[in-house]
Amino acid sequence: MTHHDEPTVATVSPDEAPRRTALHDRHVALGARMVPFAGWEMPIQYTGILAEHRAVRSGAGLFDLGHMGQVDVRGPDALAYLQHVTTNDVSKLGPGAAQYGLLPNAEGGVIDDIITYRRPDAAGYMVVINAANAAKDVAWLRRARDERTDLDVEVTDMSDTVGMIAIQGPHAETITQGLTDVPLGDIPGFHGVDGEVAGIPMFFARTGYTGEDGFEFYPPQERTAELWDALMAAGAAHGIGPIGLGARDTLRLEARMPLYGNELADDIDPYEAGVGWAVKLDKGAFIGRDALARIKERGATRRTIGFRIEGRSAPPRGHYPLAVDGVEVGHVTSGAFSPTLGENIGLGLVERSVAGVGKPIDVIIRGKPVRAVQVALPFYRRQP
Amino acid sequence: MAAPTDLRYTKTHEWVRLDGDTATIGITDVAQTELGDITYLELPESGDEVSRTKPFGIVESVKAASDIYAPFDGEVVERNGDVVDTPELVNSSPYEAAWLIKVRLADPSQLDELMDSDAYDAFADAAAH
């Protein structure tokens with residue numbers, strides 16, 4: 001038995017030992033299988049991907065996101081700087097609000113996808129970046145700052161001092177409410193507050209990457225394990241469990257959240273990736289704006305589609321070819337057996353002419369076409 | 001879980017149960033644990049030939065697709081339809097309900113190359129560390 005294709009995780013160069021998060025000992029004690037991911041040693045699963053996935057959809061799950069990066073942006077021109085380096089309109093953010101956005105390159109490709117939070121006290125912003133891109137992003141953001149000598153802005157990599165844990169699932173609010181006096185029902189989606197959770201002062205927000213309700217916490221790094229323990233204890237009566245990267249991937253896929261390196265890349269433009277809604281061409285000048293305007297005017301030549309395979313089949317996996325009438329038209333960007341739907345699903349990047357909900361498309365699995373049908377996205381949307 | 005003592009094993013984590021000139025093949029508990037939740041199996045049909053050290057099937061877990069190797073040459077005489085319909089049996093019962101195929105051996109002496117349970121446990125233990 002040997003693996004055909006490795007799990008969709010980035011690997012580290014062999015001469016560099018993977019870093020460990022503040023929760024490493026917790027994962028080992030919980031029986032996690034640890035794997036290298038984006039330069040970190042992370043849990044891919046504890047009890048099993050399917051069970052962990054279902055726990056998040058029906059109860060609550062806890063995620064160690066210590067590998068993700070946080071960049072603090074502040075100063076008189078913090079807003080002007082963020083408008084320059086991101087695609088979305090950061091001026092729309094009130095205090096505490098969060099926004100999905102992209103870091104574009106000059107050609108209109110995507111360096112990373114990000115969440116930008118405006119600080120609740122309005123004293124600047126925090127940008128959360130992907131682990132796999134953290135070093136590249138920080139270098140890019142610093143260069144952009146250095147080039148804009150006209151802007152008075154501080155850009156600080158906080159990744160080593162800020163921890164990150166997420167709780168996700170229908171019981172997330174109930175569990176968290178047991179640990180804080182902040183009235184959580186008053187926090188709308190994509191908003192955060194400064195407050196104490198388990199006696200630890202921090203910023204936290206109603207955001208996540210699973211399609212469920214929940215919160216992402218940003219405690220001081222040295223108190224991350226304390227917060228983890230408090231959430232595990234408070235959630236015990238609600239069936240909380242730790243969730244590894246494996247279920248994180250199937251959860252985000254069902255919710256059609258893009259993963260950088262799969263749906264997004266520096267040679268895929270935001271319109272092709274289906275995140276053109278996060279590009280605000282009318283907000284004023286920004287990096288890549290002119291290129292993105294030309295791409296939008298011309299019309300994307302490729303589309304991101306969703307598909308499902310009816311009946312039993314091997315699961316579609318990243319990079320499998322997609323074909324129509326025997327002609328290759330693109331490739332799978334992400335695919336998996338969907339634990340919620342009980343069937344194989346995937347996202348693909350295909351020639352625009354073949355895209356359309358209801359149209360057939362073949363997934364080429366080990367040389368053989370397997371019939372799939374294009375479906376509306378997302379695959380899963382939680383009941384309000 | 002220690003490997004059952006009545007079976008023989010490969011370094012690619014298949015197990016073999018001999019019954020006359022026919023051998024039953026499955027994958028070990030070590031293999032299913034490593035793979036995680038199994039969602040799909042591709043297995044040969046009765047009458048198909050399998051060749052020693054060549055892949056005869058594919059097991060797909062949520063994480064990855066992996067080849068399953070034939071421990072010897074032979075002809076498939078039966079495949080387990082239950083495990084094709086219910087692949088999670090490989091996770092719950094790797095040595096019993098989730099046998100994969102039965103093969104008529106072309107050369108029974110090829111079985112001599114396989115490990116016994118003690119040797120396999122030691123091999124799997126060493127590979128894990």
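A residue counts as buried under 20% relative accessible area, as exposed over 50%, and as partly exposed in between (1.4 Å probe, protein chains only). This is a predicted model, in which local features need pLDDT of at least 70, side-chain atom pairs count only at pLDDT 80 or more, and totals for chains, interfaces and linings use all residues. Residues are numbered from 1 along each chain as its sequence is written, chains are lettered from A in the order in which they are written, and side-chain values use heavy atoms, without hydrogens or water.

Start with helix α7 of chain A, residues 245-254. Nine of its ten residues are buried, so the rest of the structure largely encloses it. Among them are Leu245(A), Arg248(A), Leu251(A) and Glu254(A). The cover includes α2 (49-58), β18 (327-338) and β19 (343-351) of chain A; contact means heavy atoms within 4.5 Å. Helices (H or I, at least four residues) and strands (E, at least two) are DSSP runs, numbered from the N terminus. Just after α7(A), Arg256(A) takes a positive phi of about 55°.

Turn to the sheet. Five strands of chain A form an open, antiparallel sheet in the order β7-β8-β9-β6-β10. Its edges are β7 (98-104) and β10 (154-157). Strands pair if DSSP finds at least two bridges between them. β6 (69-74) and β9 (125-129) of chain A share five bridges. One joins Asp72(A) to Met126(A) in β9(A).

Now the interface. Chain B gives 24 residues and chain A gives 23. Three salt bridges link the chains, each a side-chain nitrogen of Lys or Arg within 4 Å of a carboxyl oxygen of Asp or Glu. Arg366(A) and Glu60(B) form a salt bridge at 2.9 Å, N to O.
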